[in-house]
Amino acid sequence: MYEAFYGFREKPFSIIPDPDFLYFSPKHRMALDLLEYGLVNQAGFNVITGEIGAGKTTLIRHLLTQMGADVSVGLVSNTYQSFNELLQQILYAFSLEYRGKDKIEMFHTLVDFLVRQYGHGKHSVLIIDEAQNLPAATLEELRMLTNVNADKAELLQVILVGQPSLRATLRHPDLEQFTQRIAVDYHLEALDQAETQHYIQHRIGIAGVSNPALFDEAACAAVYQHSQGVPRLINLLCDTALVYGFAEQKMGIDAALVHAVAADKQKGGISPLRSGRATA
């Protein structure tokens, strides 16, 4: 709708995770560096948490693009309460047959695969997104699943990605052995106000517009006020602001327009955006 008017090659603020648009704030850079460290050192468990919309999935998708041919990756995006259901998803993620198999058969299918991969000079990485949905009992069975080693090497590395409640689950007394095996543990915070402005300018530039003033400084401050630096909310607010700007044929987005967008979204009562203007 507004892309041609503003000169974009593509939408700069899509809420669909896109690693090409990943903005490396110091927080996101630290999270990525720690994950890469864990992979290089074949750490058993790695945990990345963050609020909804903090950019966890985008970060993981970027990590996937950096993995070489010597890594077999299984990605589980939907989590389940029972370990049997999770094990089915793990086999499916590694393109292994799971239908008609009981728990023991599925376990041996996975172990055989991991051993074959290791024999071919590959190591295997399992990424579980939305891991906050896994109960403590399922996490403990996952730990036991990874107790398969060869020549002092971990046959399976696990990256758990989830909301802050995952950290509360991991503090369960029954998971002490699990937490002792976590080598990488990082909580991804929201962006601050300066990072929010850089984030907006970064995405505008990636989408093909070299005009940092398209969202002026006051507009960026308003975006931060209503989004509190959560990337997904920044995208939602900026995308809608561009729609409003196009409708009004405005060549730049100012704070008044951002406030108007936020106010309109608040009228329905379901928007996570903060309402009201900042006071001096």
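How many aromatic pairs does the structure hold? It holds 10 of them, where a pair means rings of Phe, Tyr or Trp (its six-membered ring) with centres within 6.5 Å; planes under 30 degrees apart count as stacked, over 60 as edge-to-face and the rest as tilted.

Some ground rules: this is a predicted model, in which local features need pLDDT of at least 70 and side-chain atom pairs count only at pLDDT 80 or more, while totals for chains, interfaces and linings use all residues. Residues are numbered from 1 along each chain as its sequence is written, and side-chain values use heavy atoms, leaving out hydrogens and water.

**Aromatic pairs**

Take Tyr 2 and Tyr 6: their ring centres are 6.4 Å apart and the planes sit at 65°, so this pair is edge-to-face. With Phe 5, Phe 8 and Phe 246, these two tyrosines form one aromatic cluster. Phe 45 and Phe 178 have ring centres 4.3 Å apart and planes at 40°, so that pair is tilted. Phe 45 belongs to strand E1 (residues 45-50) and Phe 178 to helix H8 (residues 176-179), so the pair ties together parts 133 residues apart in sequence. Helices (H or I, at least four residues) and strands (E, at least two) are DSSP runs, numbered from the N terminus.

| Residue | Relative accessible area |
|---|---|
| Tyr 2 | 2% |
| Tyr 6 | 9% |
| Phe 45 | 0% |
| Phe 178 | 0% |

**Charges**

Over at Phe 24, the charged end of Arg 29 sits over the ring, 4.1 Å from its centre; the test is NZ of Lys or CZ of Arg within 6 Å of the ring centre and within 35 degrees of the ring normal.

Lys 56, in helix H3 (residues 56-66), is buried yet has no salt bridge, meaning a side-chain nitrogen of Lys or Arg within 4 Å of a carboxyl oxygen of Asp or Glu. Its nearest side chain of opposite charge is Glu 130, 6.2 Å away; Lys and Arg count as positive, Asp and Glu as negative, and His and the chain ends are not counted. Leaving aside neighbours within four places in sequence, Lys 56 is in contact with residues including Ile 48, Glu 51, Val 161 and Leu 188, contact being heavy atoms within 4.5 Å.

**The whole protein**

The protein has 12 helices and 7 strands, and 48% of its 280 residues count as buried.

Methods. Buried < 20%, exposed > 50% of the residue type's maximum accessible area, 1.4 Å probe, protein only.
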